[in-house]
Protein chains: 2
Amino acid sequence: MVNKKVVARLSSYRTALLRFHELGFVKVFSDTLAEAVGATSAQVRKDFSLFGISGNKKGGYQTDILIEKLQSLLGKDRVQPVIVVGIGNIGTALLKYRGFEDEGIRIVAGFDLDPAKINRKLKVPVLPADEMQDFIREQRVTIGIIAVPDAAAQAVCDTLVAAGIRGILNFAPIVLRAEEGVVVNNVNLQNELENVIYFVNTLAKQIKGK
Amino acid sequence: MVNKKVVARLSSYRTALLRFHELGFVKVFSDTLAEAVGATSAQVRKDFSLFGISGNKKGGYQTDILIEKLQSLLGKDRVQPVIVVGIGNIGTALLKYRGFEDEGIRIVAGFDLDPAKINRKLKVPVLPADEMQDFIREQRVTIGIIAVPDAAAQAVCDTLVAAGIRGILNFAPIVLRAEEGVVVNNVNLQNELENVIYFVNTLAKQIKGK
DNA sequence: GGATTATTGTGATAAATTTCACTAAAAACC
DNA sequence: GGTTTTTAGTGAAATTTATCACAATAATCC
């Protein structure tokens, strides 16, 4: 069954494959790829099998074809417009990050309540929050990133969904409630850091899972 | 068995509990907490049981005591000094984020190769990369955040570990190799966003897992 | 062209994680 | 003080996820 973890591995395979391709690898084997992403070769093959991707007995997978298939699965064959709500520290980092452009992701605008943050002249403009819904509808944006304080996150989520957003990457440390059919993925950087601290303090070796 | 996922839930329980405490909740029940973090009540109890945390039949858990125990488990009873390597977009966001201070995490310095980024006058100074090892040793820092380009990440990792770093939060999209006993936690924001895009494109409802 | 080798694809198995469902105990009620 | 109610704690069961191990097959070698 396709779940978050498998899709995350798909992304990792793709990233690794782009490197291999750059290095001139015409074909790649499941165990090479496995090593590159920290998985087992059987898992790589099982994952591919799940998405109907097949290779060649003895010949491995042809790098460019494989990349092509992953691109398609991950929605890279068209540019995905994304907005960022909350132009604080993380929001700003995401707005400024130029690497997304090469990856089929275009941050098209940021939104904030604070008038001091508004700037329409930027390559990626920062607009007032009250223009957000119209913008989403007009530009047909379906993906949003929430990077506002936790107290505001649910309201922002509701507004986004009402305007047509179907997928949310949420950095606020709360569980967002959204109607069926809306994808919510939570990232909590403080939790991630606390995880490291926990395992360092308990002298564990490698973090299991993820 | 204690794994990354359980510890992540521990962090989430703690965050939710702080809110409950602020709202004046003296005690809290497993299903209240479960709802707040998007888990089941049985899971909350199992998790607590794993860490030897117990409540009261019918009475739930006393909020302040529970918070105290989680604080201790997550290393909040002493301030954890952390350094950030790579003062790009994410690195800058982490350096500037003031919220860590209240959470027992102190970003004590940033490091970068680019002389233009160096600034010793800041509240959190940004120092040249070649001062990093001495700094780590002198300040006895054990946790590091890697926010450098992927090509540089492994070298930074090696340097950090050689200087005494025991835990790494890695934002570079590669698998870091580190000796046994060094904790590595990988966060890949592009993957997280691609995950949302995938599930939106395949019309899925809620992301399973995580 | 037959034998050998390397690698995929996958059913079976194992391991990990979560949920179920029930017991026990404490509190509240009458 | 007994009865009822509520919730923790936890073995057992179910589900999910990952690994194993081997058959099938294509390339290579001799």
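A residue counts as near a strand if one of its heavy atoms lies within 4 Å of it. With that cut-off, helix α3 of chain B gives the most to the surface near DNA strand C, namely four residues. The model is a predicted one, and a search of the whole structure finds 14 aromatic pairs over all chains.

**Aromatic pairs in chain A**

- The ring centres of A:Tyr13 and A:Phe48 are 5.3 Å apart and their planes stand at 75°, so this pair is edge-to-face, given that angles over 60 degrees count as such.
- This pair links distant parts of the chain, since A:Tyr13 belongs to helix α1 (residues 4–22) of chain A and A:Phe48 to helix α3 (residues 41–50) of chain A, 35 residues apart.
- A:Tyr13 is buried, with a relative accessible area of 0%, and A:Phe48 is buried with a value of 0% as well.
- Ring pairs also join A:Tyr13, A:Phe48 and A:Tyr61 into a cluster.

**An aromatic pair in chain B**

- The rings of B:Phe48 and B:Tyr61 have centres 5.2 Å apart and planes at 80°, so they too form an edge-to-face pair.
- B:Phe48 lies in helix α3 (residues 41–50) of chain B and B:Tyr61 in strand β2 (residues 61–62) of chain B, so the pair ties together parts that are 13 residues apart in sequence.
- B:Phe48 is buried, with a relative accessible area of 0%, while B:Tyr61, at 10% relative accessibility, also counts as buried because the cut-off is under 20%.

- Sugar and phosphate make up 61% of the atoms of DNA strand C that come within 4 Å of the protein.
- Sorted by class, the surface near DNA strand C holds 11 charged, nine polar and three nonpolar residues.

**Contacts with DNA strand C**

- In a contact with a base, a polar side-chain atom of A:Lys58 lies 2.9 Å from a base oxygen of DNA strand C.
- The elements that give two or more residues to the surface near DNA strand C are α3 of chain A, together with α1 (4–22) and α3 of chain B.

Key. Residues are numbered from 1 along each chain as its sequence is written. Chains are lettered from A and ligands numbered from 1 in the order in which they are written. This is a predicted model: local features need pLDDT of at least 70, side-chain atom pairs count only at pLDDT 80 or more; totals for chains, interfaces and linings use all residues. Side-chain values use heavy atoms; hydrogens and water are left out. Rings of Phe, Tyr and Trp (its six-membered ring) pair if their centres lie within 6.5 Å; planes under 30 degrees apart count as stacked, over 60 as edge-to-face and the rest as tilted. Buried means under 20% relative accessible area, exposed over 50%, partly exposed in between (1.4 Å probe, protein chains only). A polar contact is a pair of N or O atoms within 3.5 Å; within protein, one must be able to donate a hydrogen and the other to accept it, and residues adjacent in sequence count only if both atoms are side-chain atoms. Ala, Val, Leu, Ile, Met, Phe, Trp, Tyr, Cys and Pro count as nonpolar, Asp, Glu, Lys and Arg as charged, and the others, Gly among them, as polar.
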